[in-house]
Amino acid sequence: MSDTVKAIKKHVSWYMIVGVSLIVLTGVTVGVSYIHFGHSGNIVVALIIATLKAALVASIFMHLFWDMFVKMAVIFKVMIFTAIFFTGLMALTLWSLKDEIRTSSSTPGPLFRQSAPAPAEEHGH
Amino acid sequence: MDIPYTIQERPDTGLYNAKVGIWLFLASEVMLFGALFSTYIVLRVGSFNWMPGRDFDLNIPIGTFNTAVLILSSMTMVMAWAALKIPNFTMFNLKIDHFDWFRIFLGLTILCGLIFLGVKSFEYYGKFHHHHFPETHTFYAIYFTLTGLHALHVFGGMVVNAYLFGRGACTALVTVALTILYMAIFGPMHDTATGGGAAFIAGAAWLGIFGLPLGIFFLAVLIWKNNNSAEMWKSNPERLTNRVEVSGLFWHFVDLVWIFLFPVLYLL
Amino acid sequence: MDTITKEQPHHDAKDAHHDPMPFWRKYIFATDHKVIGYQYMFTAFFFLLFGFGLVMLMRWQLAYPGRPLPVLGKLIASVLGDSSMPGGIMVPEFYNALGAMHGTIMIFLGIVPLAFAAFGNFVIPLQIGSPDMVFPKINAASYWSYFVGGVVMLASFWAPGGAAQSGWTSYTPLAVIAPTGQTLWIIGMVFLITSSLLGAINFISTIIQCRAPGMTWMRLPYFVWAQLMTSFLLVLAFPPLEAAGIMQLMDRLAGTSFFLPEGLVVAAKSNVIAGYARSGGGTSLLWQHLFWFLGHPEVYVLILPAMGIVAEVIAANARRPIWGYRALVFSTLTIGFLSFIVWAHHMYMTGMGSRISVFFQTTTVLISVPSVLLLTCLILSLWGGSIRFTSSMLFAVGFLPMFGIGGLTGLPLAFNAIDLFLHDTYYVIGHFHYVVAPGTIFALFAGLYHWYPKATGRKMNESLGKLHFWGSFVCMNCIFAPMMIQGMQGVSRRLYDGGATYLLAEPTLHWNIFMSMAAWTLALFQIPFLINFIVSMKLGEKASDNPWEATTLEWSTATPPPHGNWPTLPTVYRTAYEYSVPGAARDFTPQTQPQE
């Protein structure tokens, strides 16, 4: 069991380590964002780091790691299905909007018309 | 007849009731923020010339600082729970009871939440000051919607944590929040000179006459009495521990959402 | 929303069932699951009748377009002002508001609270052997959140410009530029979503945590399975709509344009408002995606509890076990999973490409397989039974062909090519009303007649019940079958005059009066039910603890069940439907009876 006193005593040092490494990873993700990996390269790197951090929070702070094989099978099932539906919502929506009616010769255009006006002029600094 | 497994774990699921409840709630929260992130992706992918967040006037150092604060609060939150669980918990060889350690860590968590919201409102103030509103640009629309909703979650988590710290703290927090909300609504009218100035002065007077004494009163109550969690700690320690764990799960989730929000909004 | 972390279950010693509680404590701020079930039932029933009233008004306009409604029309005009029915003649905006609010009220304030919350609250803890819901206070919060949402929805009729007019789907960009009623609609929806969320979390936690000793998953009555799946649909499908609602609110109030396309120009009554999308364009289709991500699972939220009720009623009245219990359970789980990935079949007309259309077409056709399995199991359960045609059984058996018609007429809509023709016609209206009105509502009536003796200790009158059933059965078909005919003629569902000014509608116009007459007659046939329901509480035939000789746990407790339901937790020894077991002493063996 994961929440005996003895086990939690061992975990306390993990909480510290994970806390510090999360802050370090925050620094890393900011630092890396100044390096140019190409447009989608930066997105991939940032999301990988964010996922790593999220996994650390979920597995250590939220105890999923220690509970994984011991108990909470119900929670795992719920979260797995939540993840599937979340992915479905994101992917299928995007696919629907991207998959336009078009002939094979036409080139894929933007999903819909959108202009992005520059932010308002009066920058204070 | 009492409801079973409110405190003890049910043997075949290994969970007590509230833990099932909070995880289901978190599942729904995943879908809530999932839909908002989907919106962001759809609007971004669908744009000709998306301007990344860092080309706007978001302040990366401040955002980084806020991220660190929230991560720190997550750490103190889990330490608060661990302090309750471990009977002879102590750090730095201090001779303090582990329940007091719990209150120290929980207090730090709430403090971090306050810092986070303070910095956030400072950022918001900067945007509004430069006339950057949700309607200014789709990026700001996303920025304000997502961070605003997240800030609401932070505040909700703080209220619960304050309640666990002591009922007085919770009341004080809500009172202060309502006061600030009042000021935020009537404060800007002071600039516009459309007669809102009177309302602002009324608000300030309201704060001075009622808010400050109230705040001091609640602080006193907080220190001297009205410590329901200490009472529960004596009568039913396991229930208090479970409450802290459940509140912590929510707090970690809020942290987790921010971990994604920060790079997505500030860096990409 | 965040109170969930704060409100842990706890059971005050003061709540003990021996102490008499004051009225307001017992019936108003109740935490007992049964009382909350009654609260939900009465409120939802009020809204069901109210929503039905709205559509009866609409049917007047459809049958006699432009003619003043006698008596009632003037009354409504005096209550709601001249923006509704000046001189008894309905204005188009009011017609649109009636349509939008009919859909919203029937679905979110009528059937979901009745089928899911009322029956779920009353029956689930009794059927699984739990003293209460796991979070009684959250349960109460769920009801009061629903109540506030309902009040906001009702209040929106008095908003400037009237209630929401953009259909129950609130499609953008129309909904964004609609009058104030739409804002109230969104706020009301946020309350309703919160309510459903709290209720659903409560149900799932209760079913997972509070099953009585011996109540294994495969011994659960099917009704509990159906409610479990429904709860999961609510927990995971509602939040995207909440997110979408927040964004629509931002669009309406904060001037963003999540759902407004670039270059949108809106002609208002007197002036032209140009450049509506102030923050740079968004996409209206995004709203449709987020809405239907809820919208389609919502269909199964409406139908699964009904299936559960019908299964209980059929098993008890056919005196034989449910045919294919495991098939029912696994079909339900499959439906739950698939219902999340079929939503865009509501959007074939939006210019989706053929590949994604094929994907959604495939999943939609796939989901009909478990649905047909459910229906087949229930029909086969009748085979070889010794059926008692009580009122509740009549409604349950009536449900089967009605749901069958509703389901089968849905198949053509699943196919892209046919849907392009049928989309947004009365055919669609006929299809889903067959599922929901004679389908789900019949199941709800079956449940009311079935569990009434448990709640009150008295049975409802059988003769009035049969009159209610046959009247409703005939009228329902007279209303919805002609809609199919009109729809195949191509009549659009949103015509203010019912098609009177459209040449294509002319051959089917005479059905309008027929359908309206049937709708008003249907209202008359609800009167015996209402009398029956109220009078039977005091004067009905006294019922024993187990009047239907059923096997499931709720019939093993006292009638009406006390606070806490049982003196000690019951122990379960067998599966849910042991009827007519060869060699057994009686033709039913309760779940609490130990194995020899």
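**Chatting through the chains**

A: Chain A has 4 helices and 0 strands, where helices (H or I, at least four residues) and strands (E, at least two) are DSSP runs numbered from the N terminus. Heads-up, this is a predicted model: local features need pLDDT of at least 70, side-chain atom pairs count only at pLDDT 80 or more, and totals for chains, interfaces and linings use all residues. Residues are numbered from 1 along each chain as its sequence is written, while chains are lettered from A and ligands numbered from 1 in the order in which they are written.

Q: How much of chain A is buried?
A: Of its 125 residues, 29% are buried. A residue is buried if 20 or more other C-beta atoms, placed from the backbone, lie within 10 Å of its own, exposed if 12 or fewer, and partly exposed in between.

Q: And what does chain B have, in helices and strands?
A: Chain B has 9 helices and 0 strands. Buried residues come to 47% of its 268 residues.

Q: What's the mean pLDDT of chain B?
A: The mean is 84, and 83% of the residues of chain B reach 70 or more. pLDDT is the predictor's confidence in each residue, from 0 to 100.

Q: Where does pLDDT stay under 50 in chain B?
A: Over residues 192-196, for which the model has 4 contacts beyond four places in sequence. Two residues are in contact if their C-beta atoms, placed from the backbone, lie within 7 Å. Where pLDDT is low, the predicted coordinates should not be read in detail.

Q: New topic: how many residues do chains B and C put into their contact?
A: Chain B gives 45 residues and chain C gives 44 residues.

Q: Which element of chain B gives the most there?
A: That's α1(B), with 16 residues on the side of chain B that touches chain C. That side of chain B divides into 25 nonpolar, 16 polar and 4 charged residues. Here Ala, Val, Leu, Ile, Met, Phe, Trp, Tyr, Cys and Pro count as nonpolar, Asp, Glu, Lys and Arg as charged, and the others, Gly among them, as polar.

Q: Onto chain C. At what angle do α5(C) and α9(C) cross?
A: The axes of α5 (residues 92-128) and α9 (residues 222-253) of chain C cross at roughly 130° and come within 10 Å. Axes are lines fitted to C-alpha atoms, for helices over the stretch in contact, and angles run from 0 to 180 degrees between N-to-C directions. So α5(C) is oblique to α9(C); angles under 35 degrees count as roughly parallel, over 145 as roughly antiparallel, 65 to 115 as roughly perpendicular and the rest as oblique.

Q: Which residues make that contact?
A: Among them are C:Phe116 and C:Ile124 from α5(C), and C:Phe223 and C:Val224 from α9(C). By class, the contact of α5(C) with α9(C) has 6 nonpolar, 4 polar and no charged residues.

Q: Is C:Ser170 buried or exposed?
A: C:Ser170 is buried, with 26 other C-beta atoms within 10 Å. B:His131 also has a positive phi, about 55°, but B:His131 is exposed, with 11 other C-beta atoms within 10 Å.
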